[in-house]
Amino acid sequence: MTFEQLGLSPALLQAVQEKGYTEPSPVQAQAIPAVLSGRDVMAAAQTGTGKTAGFTLPILQRLQESGPLKPHRTRALILTPTRELAAQVADSVDTYGAHLPLKSTVVFGGVKINPQIARLRRGIDILIATPGRLLDLHGQGEVSFDDLEILVLDEADRMLDMGFIHDIRRILKLLPAQRQNLLFSATFANEIRELTTKLLHNPVEVEVAAANATADTVEQWVYPVDKKRKSALLRELVETNNWTQVLVFSRTKHGANRLAQQLDKAGLEAAAIHGNKSQNARTRALDGFKRGKVRVLVATDIAARGLDIAQLPQVVNFDLPNVPEDYVHRIGRTGRAGASGRAYSLVSADEIKQLNAIEQVIQRHLTREYIGGFEPEHEVPASAPLRRPQKSGQNRPKHSGGGVGDGKHTSRGRGSEGHNRPRRRRRSRAGAKAS
Ligand code: AMP
């Protein structure tokens, strides 16, 4: 399959080629023709599958074919849950639309509203927005949806998790009835199903193979350790393995701040990124991380969601998430675009419940390893046996099967003793899991 075969225009094909993509990812191969046909689309796809190009490219093509702009109006609206994701989608729209005369802009909270108002004044082809700021702008009469042709809800499951359902309902009421709707979501829990039934008309369903590619492209370990020694273990891992860029997940904002401060004090350049940080602080931290100035980026699940940081070699779970699906999202930050990645979880005895839930979702027991000098006083209990996954499957995430670059690499099973593993004396305890 090539991008040409999907029916994209020369201007878009040129942009894709300049970006260096050689073939469409599975989600793109399915979504692009569906969007071009004008139908509603419901896609099960998470970050790392190439979903952004999957909706951006055909939207650009469709808009290219229709009428001129009117003041304050927008023709396509892309709603995202976080400011970071909004900014990244906006970058993609710029990149793929580089050879088209279309106008796009992004609006989100936490920054001044006046420059956003100025950009909306003459009308916009594609508006990327977070829900709260969009409603503010609409309330002030600065944006109108009268000419809206296409609506995208990106990461819809996360929008609901973050409590945006009321804002979304309010926005939907403002839109013209005649429009194309595209909904992208990593999971299809009941709440999302409800929304899709109301929102989508006879949608094309796009689903990338639920082949659980995360298990193949990301090597995963659990390091049992006492809670109070986690920070020291993390420092040890970063230093002995000379990691220059590591994303560390923290369950709480407070925990993220504290850890970043501790690391900084110990001489490791670190920054925290979470919802309480100002937009400028977040952008600074992310830029520093991308440019190699910040060695350790500590993020909460929500802040990390959708961050496009290319080729992250490893991620560390400083603590396990309460929602097991978040584990899948977290480790999806590494091993992207076909490259293999590594995920390490520092797990203390009180996290056994979360560990069991995660192992159930990913349908495998994670290998436990003990780092010399950090063996826990409080042993992490043995994992529970795995139960068969539920038949309905509706509450389980579509694991990132069908990710960008899938099929171009050979999978490495958990048995492979990776050559890039951290250099550190350790003892493996094969019997740590229950069978
Ligand atoms: P997304 O799932 O949209 O966040 O995209 C994940 C990453 O894959 C981004 O860094 C994209 O630039 C990249 N990407 C998207 N489509 C392709 C493709 N067809 N070939 C290679 N990389 C791609």
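I am working on a predicted model, where local features need pLDDT of at least 70, side-chain atom pairs count only at pLDDT 80 or more, and totals for chains, interfaces and linings use all residues. Residues are numbered from 1 along each chain as its sequence is written, and side-chain values use heavy atoms, with hydrogens and water left out.

Helices here are DSSP runs of H or I with at least four residues, and strands are E runs of at least two.

I then checked the length of helix 13: its 12 residues (279-290) should span 16 Å at 1.5 Å a residue, and the end C-alpha atoms are 16 Å apart, so the two agree. The expected span is 1.5 Å times one less than the number of residues. Just past helix 13, I found G292 with a positive phi of about 85°.

Over in helix 4, I looked up S92. At 15% relative accessibility, S92 counts as buried. Setting aside neighbours within four places in sequence, I see S92 in contact (heavy atoms within 4.5 Å) with T52, T56 and G97.

Methods. Buried < 20%, exposed > 50% of the residue type's maximum accessible area, 1.4 Å probe, protein only.
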